[in-house]
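Here is a short briefing for a first look. Please keep the sequence and the 3D view open as you read.

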Amino acid sequence: MKHLLFIFLFASLSVQAKVTLPAIYSNGMVLQRNQPIRIWGQADPKEKIQILFAEQKQTAKADAKGYWEVNLKALEAGGPYQLQITGKDNQISIKDILIGDVWLCSGQSNMQWVVNNVTNAEVEKKNANYSQIRTLNIPRRMELSPKDTISTTWLVCSPETVGRFSGVAYFFARKVYEETNIPIGIINSSWGGTIVETWTSLEAANTLPQKRLDRYNKNEKLSPPTEYFTRTNKEAKRNDYPSLVYNAMIHPLLSFAIKGVVWYQGENNVGNAEPYTDWLTCMISDWRNRWNSELPFYIIQLPNFDSTNKTPLWAEIRDAQRKVLTVPKTHLIVTSDLGDPHDLHPRNKQEVGMRVALQVLHHEYGRPDIVSESPMFERMEINGDKIIITFKNTGSGLEIRSRYGCLQGFSIAGEDKTFHWAQAQLKGNQVIVWSPNVTHPIAVRYNWENNPDGNLYNKDGLPACLFRTDNW
């Protein structure tokens, strides 16, 4: 691990101090339960350091460059604890440390969107008395090469601080904490207007097929960013090349054990959906390799946005997100009913966070009683002039959310591959689709629009996911 920037980025200490810690080791932090706890820092070369934490005592010796590291035993949820680091000339004490579950919440602006700007923000802030929920807000920046440290500290949730928490992350964490009483740490590493490529390391990007890289380096693998921008005589911007945001906002976190990832990104990849599944799959594999853990990934599907009857670019990116579910331990949160056709940043982050929490509680916290999955297409059957669609993840059963009892959002096509809005009937866990304009149907789509109005749900309140049975 590189250490050249340590002197500038460690927690505030007097100039005489010799032992230092990265700034992320700060008062109020949350450490991941049931995993070894890694503590590292800087000291004088060959200096001996003593570490005391939760009745554990270890010693370390700095190497020739002054780097030292210890691994403490895993602990159950609990606290608060105090970490004490003692060197030959100074002592550091980090207080109010909790052991719980740490979730990395990443993506672009809808993850970045803070509680100050959500629906009923003042009420939410007034009621935010959750001292067992903390956040580490990662500074938004990019780097041409991977960095090991960042300058930021933990915030304990309170009415005074929660306004600076990611809205989606906070409401997710609040529900999980209320259901489990396990302390929750949020690492909010998000930046508006970023593409998935910039969150992916250079090494991982170079494992992709060449066709995914040609927009950067035609017919060759990716060169280091410094070389690329020198050769092209361009000034680097966050979306101009893979790895730029990863280097500054993910790589410094790799020594910090986490429970899993909540990912809310894709808006800036709209219009380029075809490569998105490959890039997100690559990024997931990369982060898992670097954390040396099969981290669960919870992917928030983009909500409805923009007017109807346009090229369905938003539907295409939602479908690209759905396709990532072939990767083990990935889960999709459907939000097609939670957007605003006129606002890229819908303010109802409460329901988005709640749906994430339902998935996480079901899959990670042993709650089979919680229905968390949206209905998904399972198979189709052509029956004369009709197509019968069977769904999975139906929970307590399917239902129509309409005062008129009519299904919306389905279209059907025949051999001419022209889609017509269809009539549809709900029968158990199946939907029968037909149109008087299509006598020999071969394909069905559901919610295949930017701003869909489909109204098929399960009785547990979760909307059906868009789908297409064609691949035209």
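R288 touches S293, E294, L295, P296, F297, V327, P328, K329 and T330, leaving aside residues up to four places away in sequence; contact means heavy atoms within 4.5 Å. This is a predicted model, where local features need pLDDT of at least 70, side-chain atom pairs count only at pLDDT 80 or more, and totals for chains, interfaces and linings use all residues. Residues are numbered from 1 along each chain as its sequence is written, and side-chain values use heavy atoms, with hydrogens and water left out.

**Around R288 and helix α8**

- R288 lies in helix α8. Helices (H or I, at least four residues) and strands (E, at least two) are DSSP runs, numbered from the N terminus.
- R288 is buried, at a relative accessible area of 5%. Buried means under 20% relative accessible area, exposed over 50%, and partly exposed in between (1.4 Å probe, protein chains only).
- The R288 side chain reaches the backbone oxygen of P328 at 2.9 Å. That is a polar contact: a pair of N or O atoms within 3.5 Å, where within protein one must be able to donate a hydrogen and the other to accept it, and residues adjacent in sequence count only if both atoms are side-chain atoms.
- D286 and R290 meet through their side chains in a salt bridge (2.7 Å, N to O). They sit four residues apart in helix α8 (residues 276–291), so about one helical turn separates them.
- D286 is buried, with a relative accessible area of 6%. R290 is partly exposed at 28% relative accessibility.

**Helix α9**

- The buried residues of helix α9 (residues 313–323) are W314, A315, I317, R318, D319, A320 and Q321.
- Their cover includes α8, β12 (297–300), β13 (330–333) and β23 (467–468).

**Salt bridges elsewhere**

- The structure holds 27 salt bridges. Each is a side-chain nitrogen of Lys or Arg within 4 Å of a carboxyl oxygen of Asp or Glu.
- The side chains of E69 and R38 form one of them (3.0 Å, N to O). This pair links distant parts of the chain: E69 is in strand β5 (residues 67–72) and R38 in strand β2 (residues 37–42), 31 residues apart.
- E69 counts as partly exposed because its relative accessibility is 31%.
- E179 and K175 form a salt bridge, with their closest N and O atoms 2.9 Å apart. Both lie in helix α4 (residues 167–180), four residues apart, or about one turn of the helix.
- K175 is buried at 19% relative accessible area, whereas E179 is partly exposed at 32%.
- A network of salt bridges links K175, E179, R367 and D369.

**Strands around β20**

- Strand β15 (residues 386–392) runs antiparallel to β20, joined by four bridges. Two strands pair if DSSP finds at least two bridges between them.
- T390 stands opposite Q430 in β20.
- Strand β19 (residues 423–427) also pairs with β20 in the antiparallel sense, over five bridges. L426 stands opposite V431 in β20.
- β19 and β20 form a hairpin with two residues between them. In the turn, G428 has a positive phi of about 65 degrees.
- I442 is in the loop between β20 (430–434) and β21 (443–446). I442 counts as partly exposed because its relative accessibility is 31%.
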